[in-house]
Amino acid sequence: MNEQAVYIVMLGPPGVGKGTQAKIIAGKLGLIHVSTGDLFRENLDNETDLGKLAASYMNKGELVPDDVTIAMVEERLSREDSARGAVLDGFPRTPFQAEALNELLSHIGGKVNLVPFIQAPNEMIVERLSGRWMSKSGRVYHALHNPPKVKWLDDVDGTELYQREDDKPETVARRIEVYYQQTSPLIDYYQKEGSLVEIDGTQEIEAVTQDLMEAVEKYVRF
Ligand code: AP5
């Protein structure tokens, strides 16, 4: 049994299901789930300076500057609970962030082991984002595809669900543009590194999970 930590990077457009799947596979693999979007939203809830800065970009659909994002991830990956590795969701999002991640992992003796690239057409991701409901603890629902047991209440703690500020149609359109301009170069980047695996994100949630777990079994050694 190899004790090497494992790092999985979920790649794909906004709303394709990265967060939904990252939570499921992190749970199955016993890894932590690190979502930069969730970390920024937690900071915003706690009214930190980082949260306020991040919100000024997020609400416009723009990326938060690389330096603050990288520093936040570095801090998160230095905590004890990340010793076995992590499922990274929403990071890296630019080639600069990808280089920074490689650098960071090389210092702790790790590397990016697998990059599932989840794909779905734009109409589908827009539909998924417009029906998304979130709990304050980060659980994700969809009005049609993954509804809560009781309307607009979280299944686990019963708190009220909310819709994200950046899921408004005009912001979604900008997020998709930003994805194609700034994040999609990572497809080539990780293809060249040999860690990219394409996953069909148009399937139901369970089928996507199954494909992801097959990719993990095939390409990752724990
Ligand atoms: P972030 O929170 O990372 O948003 P995102 O990447 O745009 O991704 P989403 O969370 O919108 O979607 P997802 O792919 O996780 O889909 P989900 O599983 O929720 O980032 C937000 C903002 O923060 C950015 O715009 C930026 O400003 C900033 N930021 C974050 N990281 C950054 C970084 N590294 N650098 C700079 N800035 C950064 O699913 C969507 C919906 O579909 C849900 O309702 C779900 O229930 C449903 N669904 C999921 N899978 C399926 C399925 N298979 N079938 C049917 N429905 C499904």
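How closely do the axes of helix 6 and helix 7 approach, and at what angle do they cross? The structure is a predicted model, in which local features need pLDDT of at least 70 and side-chain atom pairs count only at pLDDT 80 or more, whereas totals for chains, interfaces and linings use all residues. Residues are numbered from 1 along each chain as its sequence is written, and side-chain values use heavy atoms, with hydrogens and water left out.

**View A. The crossing of helix 6 and helix 7.** The axes of helix 6 (residues 122-130) and helix 7 (residues 169-183) come within 11 Å and cross at roughly 135°. Axes are lines fitted to C-alpha atoms, for helices over the stretch in contact, with angles from 0 to 180 degrees between N-to-C directions; helices (H or I, at least four residues) and strands (E, at least two) are DSSP runs, numbered from the N terminus. The two helices, helix 6 and helix 7, are therefore oblique to each other, a term for angles that are not under 35 degrees (roughly parallel), over 145 (roughly antiparallel) or 65 to 115 (roughly perpendicular). In contact (heavy atoms within 4.5 Å) are Asn 122, Ile 125, Val 126 and Leu 129 of helix 6 and Val 172, Arg 175, Ile 176 and Tyr 180 of helix 7. These residues comprise six nonpolar, one polar and one charged; Ala, Val, Leu, Ile, Met, Phe, Trp, Tyr, Cys and Pro count as nonpolar, Asp, Glu, Lys and Arg as charged, and the others, Gly among them, as polar.

**View B. The crossing of helix 2 and helix 4.** Here the axes come within 11 Å and cross at roughly 95°, which makes helix 2 roughly perpendicular to helix 4. Thr 36, Leu 39, Phe 40 and Asn 43 in helix 2 meet Thr 69, Met 72, Val 73 and Arg 76 in helix 4. By class, this contact has four nonpolar, three polar and one charged residue.

**View C. The lining of the second largest pocket.** Strand 2 (32-35), helix 2 (36-45), helix 3 (49-58) and helix 4 (66-77) each supply at least two lining residues. Helix 2 gives the largest share, seven residues. Nine nonpolar, nine polar and 13 charged residues make up the lining.

View D. Lys 52 touches Leu 44 and Glu 47, not counting residues up to four places away in sequence. Between Lys 52 and Glu 123 there are 31 Å in space, C-alpha to C-alpha, and the two are 71 residues apart in sequence.
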